[in-house]
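Subject: Structure for you to look at

Dear colleague,

I am passing on the structure that follows, and below it I have set out what was found. Please read the notes with the model open beside you.

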Amino acid sequence: MEFGFLILLLLFYVIGLPIIVFVLGQRLRRSEDRLAEIEHWLREPPEQPTSQQQPTVAPTPPVEPETEPERARPEEPVQAETASTEEPPFEEPPTEPERALAYAAPEAPAQSRDMEEQESRDSGFSLPKLDFEDLFGRRLPIWLGGITLAVAGMFAVAYSIEQGLLTPAVRVLLSFLFGAALLAGAELAYRNEDRIADERVRQALAGAGIATLYAAFYLAGSQYGLIGQAAAFLGLAAVTASSIALSFRFGLPSAVLGLVGGFAAPMLVGGEEANLPVLALYLGLVTGGLCFTGKQQGRAWLGIAALVGGLGWGAILVFSGDFGFSEVLALGIYFIVLGTVLPALVEHDRFTRPLRAAGAFVASLQLAILVNQAGHEPLAWGLYLLLGATIAWFGWQREDMRIAAPVAALIGVLLFAFWPAPDPVHYTLVGAGLALVFAGVPLALVQRGRDGVIEWGMVVLVPVALAAAAYGTFGAFEQDLVETGLAAATLALAALPACAAFLVARRDSSALFAGFTGIASALLFAAGLMVTPGWSAPLVAAAALAAPCYLAHNRREQPLHILLWIGAAATLVALMATSGFAIEAERLAMEREQPGLLHALLRWAAVSLPLLALCLLEKSVQSRRVAEIGAALFTYGLAAQAIPADALAWTAALAAIVLHFVQRERAGAYATWTAIAFLWAVYPLGIWLEAALNSLIGDPILTFSLPDLRQLALRIMPAALALGSIRYAPVEQNRVALPTQWFALPIGLVVLHMLYRQLFGIATMTEFTSLGMAERTVWEAALVAAAWIAANGVPRLGANTKVAIALALAALGHFALYSLWWHNPMTADQAVGSTPVANLFLAGYAVAITACLLLRRWLPELARPAVDGAIMFFATLGALALLRQTFGGTTPFDVPLSQTEDLLRSLVGIVMALVFLWLGARLQQRSWRIGSLVIMLAAVMKVFLVDASGLEGLLRIASFAAAGASLIGLGWFYTRLLKGSARA
């Protein structure tokens, strides 16, 4: 062995172990001191007054009542003397009389010390007081002496081997003699305790002797072959038994030193070629002896240390080299014992369950490594299954041992999954064994009603993991093959959770029943995939959900509904993950050739079925709405596989309308179909919207820039019809119905606008010049008429002033943007007609003024001055436009402005101002009077600043005379008007 490792081990002996022993000795010393004080006060109780000292009066009760229990219990001294000859139990708390005696002790230092120790012990925390002189002068030398003797004996043997001084037989004989001498010295010290007066001497000698005898038997049997393996085994067993017995005679340190020495012996005096079976038996006995000793003496940490040492040696042995039959058998049994049997001997308040889980994990991992290094041969796998069976047996007997089962199951399944190139027969047998041990036993516990979370998890996860491992080893992921054997194995594994579901069906735990049912259905689905073609995966998923659907219908439990939701999602995933989905999905929105129509119909129908079932089963409104949405989506997908793309929008719209009138409570479904119909209209509406936005910057809308009639009929009109026909009334109380008919209004306007544009058919700029003004005027008149209809009411929708105002403003805005700004015939190439006065100027401005008059009626009182101003503005511009057409003709844009027309503009302005002033007087509206003043002042300013500057002679005189007369008349009229208002 490496010299560095020996040095580390020696440091542990010299430093670590003495510290452990010192802590234990401190606690033992406190127990001895407490017991000595009890004995002292029981043998020499406090003095009581004698009969001669008693007064003649009647005796009074004793002043100190705490002395009465001692007089009433004369047997206490005998018990104390008996206890003084034996080792006090480790950390045994004092009884109430002992506490009373200790408290009544007259020696203040001892009493205060015991009180402090008792208080710290009662609080659950105690620290030993370190005394340097006591530790390094009195205690440690004795322990170090015993350790040194053991190590010296081992190194002496090692030196004799290296130098060749002694023959193997002599070495072994000397080892036996040296160990026996040490044990004899320990017994001699025990028998002469009165002379030695220190029990640590016998403990150190006994520990060293035990370690030496371990090494001697190991050398004789494993190293030199002086005795057979059976004799070596018996010898090691005898030493183990002796160490346990001596620990009860000499105390805990004897067991610690002896058994730790037993662990160290193979390393310190081991040979180059170890006999693994004997070494495994030896280490198993050492570990077992230590665990048994710890359990008997109530020291759980002793068993924990033994398991750590034994499993540590297991890690060394499992990587020691190639293994034959005997080595595999010995190591396998060794790991089974250390992972299952020995942890059952360890009891601790906090660490029992973690210790057993950790022991099972380490032992299972080491045994798995052994199985892998042994080439996954049947013996190795049999040992692993034996490990699992042992864990299952202990778990059957004791509930606290079940924590080790999932750990071993996890490692076993991983080892099973990564088995390289296994034989199918052996693989099947091992898989069956793993399922029987790690899922069958938990299933039996479920049957007996002794199950818990661990059993539920193993029944659920182990079959799934084994099925996945088997398919990962033998399955063909990229090939659509029939795999009957794997399907049969998966079905067999599905029987485990199915049986569990049957066993818990009558319990109150609906979630547990749904979980087992879901796992069984999932394995059934996986088995079906292995024997069916790939395109049918959604059908197999839907078939696997048949049983959960039936159970959900009968039991009406929410966990089963959740299981159906999960199954519906799995069906969708199966549809999307299989070939052909891309072409099928494209048919939802476009025309594509469908080579496998029947397959596509079956696949989409399979996805729709679970959602349709949920529509019927779900009681929650929100959940039912989600199911209806999903069912509507996939039934539309089903229809899309067979119906041409041009008819899909109408199909969705008509389905929504029919379902709305037949089953109005299915709002989720017909809302979804309505949304689908609207999505079909998005693209042509986008084309229309692009043309409309371009028109806002002056680009005229021509027919080729709009969707054609085909798109209008097949895409946009279905959406408008569906939105206009359906009224979404909520199922919940205290919820307002959604007036979705108004959502159809803008789409309906788009439809009317495109149809209207088709009437004029303006496709070129020449046609736009000839017909543009007429097209705009008629459209604006239609908007004004629609506004009047909306204000007065229509069937089903009723009257709506807000809609009327919106339509009137739309007409007014359309006129202002297009007929006044971008395409005004006075500034752009637009035809208005050849007849004076009776032309499109009159019609266009009449429509605008009509819209303003309607708005004046519908808008609040505060908005009327603004509306009156707009009327005066449009009337003045209309009069000027008619004057322009009189001089310019059909297209007045390209006719120059004459001086006469320019003068007449001023006159028209003055006349319009007088008309507005008269109207203001008649209507008693101040807004009209102010408007007339504004127009009059603008006309007069034009006369003086523009017209007069270019006139000469009589024309200048006439213009000034007209302006002056107008101003005088205006002043006179205003004077009379104001006087009349004052008199009134």
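At what angle do helix α14 and helix α16 pack, and how far apart are their axes? Before the answer, please keep in mind that this is a predicted model, in which local features need pLDDT of at least 70 and side-chain atom pairs count only at pLDDT 80 or more, while totals for chains, interfaces and linings use all residues. Residues are numbered from 1 along each chain as its sequence is written, and side-chain values use heavy atoms, with hydrogens and water left out.

Two packed helices are described by the angle between their axes and the distance between the axes. Helix α14 (residues 325-341) and helix α16 (residues 378-397) pack at an angle of about 20 degrees, and their axes are 9 Å apart. Here axes are lines fitted to C-alpha atoms, for helices over the stretch in contact, and angles run from 0 to 180 degrees between N-to-C directions. Helices (H or I, at least four residues) and strands (E, at least two) are DSSP runs, numbered from the N terminus. The angle makes α14 roughly parallel to α16, where angles under 35 degrees count as roughly parallel, over 145 as roughly antiparallel, 65 to 115 as roughly perpendicular and the rest as oblique. On the α14 side the contact (heavy atoms within 4.5 Å) includes Phe325, Val328 and Leu329, and on the α16 side it includes Leu379, Ala380 and Leu383. By class, this contact of α14 with α16 has 14 nonpolar, three polar and no charged residues; Ala, Val, Leu, Ile, Met, Phe, Trp, Tyr, Cys and Pro count as nonpolar, Asp, Glu, Lys and Arg as charged, and the others, Gly among them, as polar.

Among the residues that make the contact are Tyr471 and Phe474 of α19 and Leu493 and Leu496 of α20, and by class the contact of α19 with α20 has 12 nonpolar, one polar and no charged residues.

Rings of Phe, Tyr and Trp (its six-membered ring) pair if their centres lie within 6.5 Å, and planes under 30 degrees apart count as stacked, over 60 as edge-to-face and the rest as tilted. Tyr427 and Phe474 form an edge-to-face pair, 5.1 Å centre to centre with 80 degrees between the planes. This pair links distant parts of the chain, since Tyr427 is in helix α18 (residues 424-447) and Phe474 in helix α19 (residues 453-474), 47 residues apart. Tyr427 is buried, with a relative accessible area of 4%, whereas Phe474 counts as partly exposed at 35% relative accessibility; buried means under 20% relative accessible area, exposed over 50%, and partly exposed in between (1.4 Å probe, protein chains only). Trp381, Tyr384, Phe416, Trp419, Tyr427 and Phe474 form one aromatic cluster.

For the protein chain as a whole, the secondary structure comes to 38 helices and zero strands, and buried residues make up 46% of its 984 residues.
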